[in-house]
Amino acid sequence: MRRATAIVAFALAATAAADTFDSAWVDDVDRIWVGPSYWANRLQDWRIADGWLTCVDDAAQPLRTVHLLTHRLSERNDSSQSSVEIDFDGDRRDLAPDAFGGLMLGAGGATMDHRGAAVIHGISGRGNGFLVGLRADGRVFIHDLEQPLPIDTDEPPGSLPRDTWTIAGADSDEPGQPALNAIDDDATTIWHTAWRERRDEHPHEIIIDTNAPSTFDGLACLPRQDSSSGRVLAYRIFVGDAPDACDTLVASGVFEDGAARQDVTFDRVTARCVRFVADSAPGGRPATAIAELFLVDSALIDRAPQDRAPEGSARLRVSVKRIAPETVLIDAIALAADGRRVLDRVNAFVTADRMIGTLALVSHPGAASRGRPGRARFRDWHVTGPDIDAHPADALGPILSAQYTLSRRVLKVTAQCMPLGARDGATAALETFDGTTWRRAAEVPIITPGWTATFRIEDWDDTRDTPYRIVHDTTNRRGGAVRSTYEGVIRHDPVERDVIVLAALSCNHNNSHNLAGGWGATDGSKIGDWPGLLWFPHADLTARVSAHAPDLLFFAGDQIYEGASPSFADRRHLELDYLYKWYLWCWAYRDLTRSTPAVVIPDDHDVYQGNVWGAGGRAARRQEEGGYVQPAEFIRMVVRTQTSHLPDPFDPTPIEQDLPVYYTDLVWGRVSFAVLEDRTFKSGCLDPALPPSGTGRPDHFNDPDFDTRNLDLPHLRLLGDRQLAFLDAWARDWRGADLKAALSQTVFANLATHHGKGLQSLIADLDSNGWPQTGRNQAVAALRRALAPHIAGDQHLATLARHGIEAHRDAGWSFCMPAAANFYPRQWLPPRDGANRAPGEPPWLGDHVDGFGNLVTMVAVANPRASGHEPRDLHDGMAGYGIVRFDRPGRSVTFECWPRWAGPSDDAQQFPGWPVTVAQRDGDGRPALGPLPEIVLRGLADPVVRVTDETTGELIVAFRARGDVLRLPAITAGPFTIDVGDPDRDWWQTLTGVRPGADRIELIFPPRNDAPNR
């Protein structure tokens, strides 16, 4: 890097091909959302206020960024210029000296998706580009952000040059932390006396040889900045003409206990060597640790008025120009607010390939131990030059995304908006296109918190594809309206298709936990690898899912993870922290959801809990008690953002804390889906009636001698009475449907035997829906009555299993799709070999008993293994997605389980064991006691059949048959009531008192007026 005394000057050539960007914050109203041209990290850390883009981070977190979405540095590496006005809050004199505002150049490089590059913040690392920073005192610096941020050496005015200095001696040092570090112009390195092998006691001394007679009248000591250990308390300073004759005492005293630079003055001397002696440390500790030592000559201090103004804004101008095929020059100038007076100027040569990518504004607070954290604000950001490429289509907001469903001609659409200002439009409109004209279909209020607008339109024409757009008006400071639209297509109900395709995803983690040493990291690094460890925006995954041309999308929960995905949970700004992460999900998947109906349901991490036992919605101090730990208003916002576009709830009565429910059904392509909330009513595991687990966690049981059937207490609930009543009604209701399936968070069994990074054995996990067992059996039986397979996520482990209640394989199927991005692996490796396996199948398949004693038959499982694909910490966890194909004419369902790296056009195979096709009739595996009379239909084919046991009043089964001849098994001794008919035309005939036998029954449709009708 070169300062202004060695500037390589050049003129930025004007060119007609230049793309230009100018910020408009001066015209914007005050709001959280900073505008469509930007992405802010994080949402809660920035505001538009009084015409400035202002960093408001109150936690003093490093490297807050706002990335420019609509303009980027291209691969041409010709020339560009950026300028922005920067100011700092409050009195600059008490700011941390290493606080700065500035520009990030080339974030993400040439390879990262612009959405991923826009998330770069908080840590240095590969892919970060270069930083041009402006400190509060007007100094400018250029730093390679692939390296750790430098700690300012805090060089005092009048410092002597240290280029020729050497260390003549030190009484002690620790290997790797030599005395030379005290004069290396790097405050991140330290001289530390020995402490591992031995701990030398005070006094400690270091001798500096300037290697020429030098005149000075002061010494400055910068303590280590990352710890209080090793600080100097009492000190002495000696000078001399040789290292072995450095005995003249010039100063002694006591330093303050702090991280700030300590300055000592004394009478001017001329000497070659200085011996600094640390006689003691605060608290009597033995070590000494020093970051930097300086000698000062007050005669070198410029007594003239300083060029740098401590108050007022400054303008940072940064020019980039190619000067050789592989080299570009960065030239940075800081100007006073008047635009004429130069405060500082630096430049640096960098390789051309590093000047490709996004541009961002940066606010950095500096080290809190060294002063008040700095928060920068910006305005009048100008970017131009032939190296700048414009990407106007990448603008984002105010409408970020939309999700919709269409069922039985009722359309529900939820528009997700950015956080709008008080003066912005309070409503959003839905418009449709008839081929010539956009027509307004509805206008609704935008609901806060959450900024959602939900449209509900009855009697929707579901026979044709309908282009739609959502319209919203923001406001500028002059009162003018700025109209924005978000477009998509409402598809027609695909009733003409023989096969309906469902794409199923869950567990959407955005990055490796090794990024910046997050929870679960294996390398402890605090340096990022953004291109290698950031998985957002999941473009590989969404492209492969899209290639399957799904008719319906299902997101089973954990759309967001509250911790380190990409930032740790900020519970002081809970709603905005959630929205920041929810917006990332919307941004990643919006091109799927804008024109394909989607079922989206939240799970535990979406509501900022590791697990949820909802217990009917009550408030909880601990999640294990049962209930919700976060405030009710927050839970309502999460449910609204993710589920308000679903069909109306079966029973909308709120639960405790006035929390909403969303369990419902959806009919699409003549497949009926039950959408369940399998967390909402589930009992908590910290129940005084439950025995202790003995593991330190009330939800984890691992004693092989403990009978987990003792955990199934009569008062415990899983789905709860309300959802069981819904499932009973749903099983009977076959209007417009040929097949059925249930969608929920997780499967009704404990289908993992090992958990976590080390895949530790775990017998019984009360977070799984294998517990409570009675509730599990009720749920499995409810789905069996509709011959409905169950599709769910949550477990991070893809499984296909058949369930049993009284005997193996007497119930239906569950498919748990793999995690979209898995950081917490699970494994199915039971201690006993499975029974009744097909020849050659591995022992973990076949008939098993799970940790709660539930009967399961494992048909396929994608246990973690070395995948051979990079990044390994993504793919070795068997990340992927599910595809479920509903064959209506064949009355069958095919389950496909795809690795994240594979799509339908790839040569790669699905996970071993898939695909698997099961017949609808396999949804009930109870043995038949015998056949019921054959029923022959006249005038009606493909009827709906409902069989009820007259003795118990229980619905045995309900389904839509194929053809006009019914051959039904007798599951119980009966007698039975059999309803046969067409619910769409309300044609029904009822047979009562039916018993097993060989009689043949004929039914004629449409039924006569005097025929039994139900």
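Among contacts in the chain between residues at least 6 apart in sequence, what percentage join residues at least 24 apart?

## The chain as a whole

In this predicted model, 72% of the contacts between residues at least 6 apart in sequence join residues that are at least 24 apart. The chain has 1014 residues, of which 60% are buried, and its secondary structure comprises eight helices and 60 strands. Taken along the principal axes, the C-alpha atoms fill a box of roughly 120 × 75 × 50 Å.

## Helices α3 and α4

Helix α3, which covers residues 539-547, and helix α4, which covers residues 574-593, have axes that come within 10 Å and cross at roughly 15°. Because angles under 35 degrees count as roughly parallel, α3 and α4 are therefore described as roughly parallel to each other, and their crossing is right-handed.

On the α3 side the contact involves Leu541, Thr542, Val545 and Ser546, which meet Ala588, Tyr589 and Leu592 in α4. The residues of this contact divide into five nonpolar and two polar, with no charged residue among them.

## Helix α7 and its surroundings

Helix α7 (residues 773-784) has twelve residues and reaches 16 Å from its first C-alpha to its last, which is close to the 16 Å expected at 1.5 Å a residue. Nine of the twelve residues are buried, so α7 is largely enclosed by the rest of the structure.

The buried residues of α7 are Gln773, Gly775, Arg776, Ala779, Val780, Ala781, Ala782, Leu783 and Arg784. Their cover includes helix α6 (720-732) together with the strands β39 (739-743), β43 (790-792), β44 (799-804), β48 (855-861) and β55 (955-960).

Key:
Residues are numbered from 1 along each chain as its sequence is written. This is a predicted model: local features need pLDDT of at least 70, side-chain atom pairs count only at pLDDT 80 or more; totals for chains, interfaces and linings use all residues. Side-chain values use heavy atoms; hydrogens and water are left out. Axes are lines fitted to C-alpha atoms, for helices over the stretch in contact, and angles run from 0 to 180 degrees between N-to-C directions. Helices (H or I, at least four residues) and strands (E, at least two) are DSSP runs, numbered from the N terminus. Angles under 35 degrees count as roughly parallel, over 145 as roughly antiparallel, 65 to 115 as roughly perpendicular and the rest as oblique. A crossing is left-handed if the near helix is turned anticlockwise from the far one by less than a right angle, and right-handed if clockwise. Contact means heavy atoms within 4.5 Å. Ala, Val, Leu, Ile, Met, Phe, Trp, Tyr, Cys and Pro count as nonpolar, Asp, Glu, Lys and Arg as charged, and the others, Gly among them, as polar. The expected span of a helix is 1.5 Å times one less than its number of residues. Buried means under 20% relative accessible area, exposed over 50%, partly exposed in between (1.4 Å probe, protein chains only).
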